[in-house]
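Here are some short notes to read alongside the structure. They start with one local detail and then move to the contact between the chains.

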Amino acid sequence: MKDFRSSIEAERPYLLRYASLQLRDRAAAEDAVQEALLAALAAERSFAGRSNLRTWLTGILKHKIVDLLRKGSRETAIESDEALEALFDENDHWRAFPPAWRDPDGSLEQKQFFAALEMCLEGLPEKTARAFMMREHLGLETDEICKELAITSTHCWVLLYRARMALRKCLELNWFMK
Amino acid sequence: MKLLSCKEATSLASQRLDRRLGLLERLSLRLHLAVCDGCSRVAKQFAFLRTAVKQLGERDA
């Protein structure tokens, strides 16, 4: 029992980083991790026989994060995205043509790539990042994200578009063209 | 059918990952991507982002 507790505890820094990335709020992230670890302790028996503790804990944490996201959301107006506008000319065509990426699939094998991706995610505006992570990481449908963030579907698609455009630009600058 | 600008095309390429596009939207997007290398790269990069972000947290930090 004591061993299980300490091996769970050893994952706390990792889980905290994971939660912070999605919640953008240190205190909320600590709450989510605390709840996840307590739930994990209570569910020790259901872990027995599984191979990867971190994956199991991350799964529990995801549910806690979704719960928290559901509780804390408010509607705000769509602001303009100047970085996005700057990519296009007055006819909405590319100012600079987006270059091809060098070996994207190979990047998925590299730890440093994921560090660059995390850094780029941290650079997104809070609500944009939350919508994007709910969609692409947690796999929620748009209507569910709209409800959680109290925004319209159109607003949601705009946020997801902005997130993708900002991330591809950020990865291009900090990874693929580096 | 209206010709899409690159901004409209990339926006539809993004939305296609989040909702089912209408017939006209699908056709005009396909037409644009067929002739625009920049936008078709970006469309592929959107799909790659999905794969990459899914894997976040599944590997060691």
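1. Begin at B:G57, which has a positive phi of about 90° and comes just after α3(B). Keep in mind that this is a predicted model.

2. Helix α3 of chain B covers residues 37-55, which is 19 residues.

3. Next, the contact between the chains. Chain A contributes 41 residues to it and chain B contributes 33 residues. The size of an interface is often given as the accessible area lost when the parts come together. Here chain A and chain B bury about 3,400 Å² between them, and 65% of that area lies on carbon and sulfur atoms.

4. Which charged side chains meet across the contact? There are four salt bridges between chain A and chain B. One of them joins the side chains of A:R164 and B:D18, with 2.8 Å from N to O.

5. Which helices of chain A supply the side that touches chain B? At least two residues each come from α2 (12-23), α5 (53-71), α7 (104-107), α8 (111-122), α9 (126-137) and α11 (153-176) of chain A. The most come from α11(A), which gives nine residues.

6. By residue type, the side of chain A that touches chain B has 25 nonpolar, five polar and 11 charged residues.

Definitions and conventions. Residues are numbered from 1 along each chain as its sequence is written. Chains are lettered from A and ligands numbered from 1 in the order in which they are written. This is a predicted model: local features need pLDDT of at least 70, side-chain atom pairs count only at pLDDT 80 or more; totals for chains, interfaces and linings use all residues. Side-chain values use heavy atoms; hydrogens and water are left out. Contact means heavy atoms within 4.5 Å. Buried area is the accessible area (1.4 Å probe) that two parts lose on being put together, summed over both. Helices (H or I, at least four residues) and strands (E, at least two) are DSSP runs, numbered from the N terminus. Ala, Val, Leu, Ile, Met, Phe, Trp, Tyr, Cys and Pro count as nonpolar, Asp, Glu, Lys and Arg as charged, and the others, Gly among them, as polar. The expected span of a helix is 1.5 Å times one less than its number of residues.
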